[in-house]
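Subject: Structure for your files

Hello,

My notes on it follow below.

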Amino acid sequence: MEQEGVTLEELKKKMADFAKERDWDQFHSPRNLLLALVGEVGELSEIFQWKGEVPRGLPGWEDKEKQHLGEELSDVLLYLVRLSDICGVDLGKAALRKMELNAIKYPVKLCKGSSKKHTQFNVDSGNTAAKDQGH
């Protein structure tokens, strides 16, 4: 029976157990895990390379392509979870905190419908026109 959802804590435990069973803890330094993560992000990028803009839902993609995408996304997630564990960072709490900070950086009234970076918004006046013109 397929599980409905999985928590970061469950993934963290499974990854720790997986590494321990194989005596891989000795290789799982923050640097090594980060480099492995970057490598997996590269593999994920290759899937989209040369495809141009891809619409949501990936219409026209074959099941085999979507399965490969899922595998590469999983590799990235698993290395990220393992890296956060090894570094002693509660990834779930860190992500929620980051979302709160982003909500402050990107207030809805100033950035709704805009792809501009937060440094391009004039938060004091709510006026982005001067910054839009490079002033």
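**Contacts of L69**

Leaving aside neighbours within four places in sequence, L69 is in contact with L44, I47, F48, L58 and W61. Please keep in mind that this is a predicted model.

**The core**

L69 also belongs to the largest nonpolar core, which has 10 residues. The largest share comes from α2, with 4 residues. As background, nonpolar side chains in soluble globular proteins tend to be buried together.

**Helix α2**

Helix α2 runs over residues 30-48, 19 residues in total. From its first C-alpha to its last it reaches 28 Å, close to the 27 Å expected at 1.5 Å a residue.

Which residues of α2 are buried? They are L33, L37, E40, L44 and I47. These lie on the same side of α2, because they cover an arc of only 65 degrees around the axis. Part of what covers the buried residues of α2 is α3, residues 63-87.

On the other side of α2, R31, V38 and E46 are exposed.

After α2 comes W50, which has a positive phi, near 70 degrees.

Regards

Terms used:
Residues numbered from 1 in each chain as written. Predicted model: local features only at pLDDT ≥ 70, side-chain atom pairs only at ≥ 80, totals over all residues. Heavy atoms only, no water. Helix = DSSP H or I, 4+ residues; strand = E, 2+ residues; numbered from the N terminus. Expected span 1.5 Å × (residues − 1). Buried < 20%, exposed > 50% of the residue type's maximum accessible area, 1.4 Å probe, protein only. Arc of directions from axis to C-beta. Contact = heavy atoms within 4.5 Å. Core = buried A, V, L, I, M, F, W, Y, C linked by side-chain atoms within 4.5 Å.
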